[in-house]
Amino acid sequence: MSLNQQAVHLKHREGAASGTKYIAIASGKGGVGKTILSISIGKCLSDSGKRVLIIDADFGLSNVHLMLGITPKKNLSHFFYGEASFEDTVVQVSDRFSFISSGSGIYELAKLSKDQVLNLVRRLQELAEDNYDYVIFDTPPGIHDDTIAVVSSADFPLIITTPEPTAVADAYALIKIVNKEGQVDTFFLVVNKVESDKEGQKVYESIRLLSERYVSAQIKHVGNIRYRKMLIRKIIEQEPFERGFIGDVYNILSNMELEVKPVKRGFWESIVSRLLRR
Ligand SMILES: Nc1ncnc2c1ncn2[C@@H]1O[C@H](COP(=O)(O)OP(=O)(O)OP(=O)(O)O)[C@@H](O)[C@H]1O
Ligand SMILES: [Mg+2]
């Protein structure tokens, strides 16, 4: 299939529009809780009867599998090198909950030909639309082109920060760049590791003021997550779901109003045009 034919094929699937919804979790600063939030959202949604796929887009440093205590036998880099079928890279966590580990696969994307990129995107799209209600992207720290593409294309761009000033500054920097480059004007904000809701509210106010004044982006503060001392122990024991943390995540999900899919250009169509542009 030629490049154009493949692009048309993608659009056709898009036209047939499945109800799959895409959530991107990003932060700017590292270590603020993207991965634990991704897998916790995955758990909450799958426990509620939804089918969930996490795509670990954390370059070579992916750690979704470490937190879940599951070592995938194959990842996307095996697929690229012909050492695994695409289906082999999908790892089952529980009945309705799976993840795909990029290994160094996504990192290799920069070196792939356009044909290979399109082929990968098409496989991911088919997998997502045919099997899952929600796809969650756990992104790497820092502000990279791939992260900007994923956050810009997602139905629900979720920015997570902690109250630390450097994390707040990086969250705002990410919002600014995604707003400018990706024309996204609504972001969901979670403040993690707070001591009180008041602390989370203050962080939200500071980001809201900057965003409204300088970038005309709307920030929806969908909740805070308390600092939980026990969480680290649970992660070490590879049983990462702490009851209080999960309670905060259910609250966040109900504030996100996930049943309402925003009217946006299709996720995969948007990703392809962004990836092929560079
Ligand atoms: N609410 C919380 N209470 C206590 N500890 C937390 C909380 N949220 C996250 N942590 C701790 O912070 C650490 C970083 O979390 P996590 O790996 O999810 O962050 P990340 O943003 O994905 O990091 P990276 O940018 O390196 O990918 C974890 O070890 C976890 O134990
Ligand atoms: Mg992470």
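Ligand 1 is surrounded by 19 residues, counted where a C-beta atom, placed from the backbone, lies within 6 Å of the molecule. The closest are Gly30, Lys34, Thr35, Ile36 and Pro141. The model is a predicted one: local features need pLDDT of at least 70, side-chain atom pairs count only at pLDDT 80 or more, and totals for chains, interfaces and linings use all residues. Residues are numbered from 1 along each chain as its sequence is written, while chains are lettered from A and ligands numbered from 1 in the order in which they are written.

Three elements, α2 (34–47), β7 (186–194) and α10 (229–236), each supply at least two residues of the shell around ligand 1. Helices (H or I, at least four residues) and strands (E, at least two) are DSSP runs, numbered from the N terminus. By class, the shell holds 9 nonpolar, 6 polar and 4 charged residues. Here Ala, Val, Leu, Ile, Met, Phe, Trp, Tyr, Cys and Pro count as nonpolar, Asp, Glu, Lys and Arg as charged, and the others, Gly among them, as polar.

The protein chain has 12 helices and 8 strands. Of its 278 residues, 45% are buried. A residue is buried if 20 or more other C-beta atoms lie within 10 Å of its own, exposed if 12 or fewer, and partly exposed in between; C-beta atoms are placed from the backbone. Among contacts with a separation of 6 or more, 80% join residues 24 or more positions apart. Two residues are in contact if their C-beta atoms, placed from the backbone, lie within 7 Å.

Helix α10 is hardly covered, with 0 buried residues among its 8. Gln238 follows α10 and has a positive phi, near 55 degrees. Val263 sits in the loop between α11 (243–256) and α12 (267–277). Val263 counts as exposed because it has 6 C-beta neighbours inside 10 Å. The C-alpha atom of Val263 is separated by 8.2 Å from that of Asp155, 108 residues away along the chain.

Helix packing was then examined. Axes are lines fitted to C-alpha atoms, for helices over the stretch in contact, and angles run from 0 to 180 degrees between N-to-C directions. Angles under 35 degrees count as roughly parallel, over 145 as roughly antiparallel, 65 to 115 as roughly perpendicular and the rest as oblique.

The axes of α8 (residues 165–182) and α9 (residues 197–215) come within 10 Å and cross at roughly 30 degrees. The two helices are therefore roughly parallel. Their crossing is right-handed; a crossing is left-handed if the near helix is turned anticlockwise from the far one by less than a right angle, and right-handed if clockwise. On the α8 side, the contact includes Val168, Ala171 and Tyr172; on the α9 side, it includes Val203, Ser206 and Ile207. This contact has 8 nonpolar, 3 polar and 1 charged residues.

Helix α7 (residues 145–153) packs on α8 at about 75 degrees, with the axes 10 Å apart. The pair is therefore roughly perpendicular. Ile148, Val151 and Ser152 of α7 meet Ile177, Val178, Glu181 and Gly182 of α8. The classes are 4 nonpolar, 2 polar and 1 charged.

Helix α6 (residues 114–131) and α12 pack at about 165 degrees, with their axes 11 Å apart. They are therefore roughly antiparallel. Lys114, Val117, Leu118, Val121 and Gln125 of α6 meet Trp268, Ile271, Val272, Leu275 and Leu276 of α12. This contact divides into 8 nonpolar, 1 polar and 1 charged residues.
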